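Thanks for coming. Please have the sequence and the model open.

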Amino acid sequence: MSLSNLLNNWAALRETRPYEDQYKNSDYKWGMVVDLDACTGCNACTTACYAENNLPVVGKETFAKGQVMHWLRIERYWGDGEQLPEFPEQGAQFLPMMCQQCEAAPCEVVCPVGATHHTPDGLNSQVYNRCIGSRYCSANCPYKVRYFNWANYPEKAWPNPLEMQLNPDVTVRTKGVMEKCTFCVQRLTEAKNVARTQGRKVADGEVTTACAQACPASAISFGNLADPTSEVAKIWKQQQVKLAKDHQDKEEGARGYRIFEELRTYPSVLYLERVRDNEV
């Protein structure tokens, strides 16, 4: 099937969700909603991710080589022919890009040692002590959100006594392994353990990711998609109902979409597109 035919059948592809149905009877299926209309591109989410997940700052020279190390980046876009001096009232459009936690993750099927796999609560996890650094997962990720440790960054990033600022709940990765966003799995595990001890499920709003917690505009929402009463699940359901029509004739107010959805990776991150009165 050609790309044009695939895009023309976009609405039909949305109705086939074999991977998402596997969580309809699960206790947890973590998901996220990012409101691009609220995002200001301040990078507070990126900074919070660095602090929460023990990410090293690699430096200007290493960054220039393309050996970046950030689990969350802010993409910036302008429309065709738009530049800031010519369109100061519009400015850039910002899009936070993290691991999409795909249900049919292309990175999982190519790992030769099974270092990346799916958890029962819908996360695309990474086992660091199993990873051999083949980087096949990075090559197969359409979102380019997997990162390779090119050096022994802990020795450079946190000289004594800066290692005291590290998060004790997150391991410090070393040279030769792949890493990526985990939806702050350490927070999720702690919340589930507490809830299990008390004989209940994790309540909506009881746990969130570092990026969602730090966002000053509340542009990032996080929650349990398996809980129909959660705020995130309500947004997902509302947007999916609205987008049941052809995407060219979607009803007013339907802003939800998932990146590269035509590839049928079934991401767990829903974006609400940006709306501006001066954009026609």
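Now the provenance. This is a predicted model, in which local features need pLDDT of at least 70 and side-chain atom pairs count only at pLDDT 80 or more, while totals for chains, interfaces and linings use all residues. Residues are numbered from 1 along each chain as its sequence is written, and side-chain values use heavy atoms, with hydrogens and water left out.

The overall picture. The protein has 10 helices and 10 strands; these are DSSP runs, helices being H or I with at least four residues and strands E with at least two, numbered from the N terminus. Of its 280 residues, 48% count as buried. A contact means heavy atoms within 4.5 Å. Among contacts between residues at least 6 apart in sequence, 67% join residues at least 24 apart.

Next, the aromatics. Rings of Phe, Tyr and Trp, taking the six-membered ring of Trp, pair if their centres lie within 6.5 Å; planes under 30 degrees apart count as stacked, over 60 as edge-to-face, and the rest as tilted. The structure holds 6 aromatic pairs. In one of them, the ring centres of Trp-30 and Phe-222 are 5.6 Å apart and the planes are at 10°, so this pair is stacked. Trp-30 sits in strand β1, residues 30–35, and Phe-222 in strand β8, residues 220–224, so to speak of the pair is to link parts of the chain 192 residues apart. Both Trp-30 and Phe-222 are buried. One aromatic cluster takes in Tyr-28, Trp-30, Phe-183 and Phe-222.

There is also a charge over a ring, counted when NZ of Lys or CZ of Arg is within 6 Å of the ring centre and within 35 degrees of the ring normal. Here the charged end of Arg-135 sits over the ring of Phe-148, 5.1 Å from its centre.

On to helix α8, residues 185–197. Buried in α8 are Gln-186, Leu-188, Ala-191, Lys-192 and Ala-195. The buried residues of this helix pack against β1, α3 (44–52) and β8. Just after α8, Gly-199 takes a positive phi of about 70°.

The side chains of Lys-192 and Asp-121 make one at 2.8 Å. Leaving aside neighbours within four places in sequence, Lys-192 is in contact with Tyr-28, Trp-30, Asp-121 and Val-202.

Asn-149 is in the loop between β6 (147–148) and α7 (153–157). Its side chain makes a polar contact of 2.7 Å with the side chain of Glu-179.

Some backbone items. A cis peptide bond joins Asn-160 and Pro-161, with omega about 10°. Pro-161 lies in the loop between α7 and β7 (178–179). Lys-144 has a positive phi, near 55°, in a residue other than glycine, and is partly exposed at 44% relative accessible area. Arg-264 also has phi near 55°, and is partly exposed at 38%.

Last, the cysteines. A disulfide is a pair of cysteine sulfur atoms within 2.5 Å, and by this rule the count comes to 0. Cys-137 is in no disulfide either, the nearest cysteine sulfur being that of Cys-107 at 6.3 Å. Cys-137 counts as buried, at 7% relative accessibility.

Note on methods. Buried means under 20% relative accessible area, exposed over 50%, partly exposed in between (1.4 Å probe, protein chains only). A polar contact is a pair of N or O atoms within 3.5 Å; within protein, one must be able to donate a hydrogen and the other to accept it, and residues adjacent in sequence count only if both atoms are side-chain atoms.
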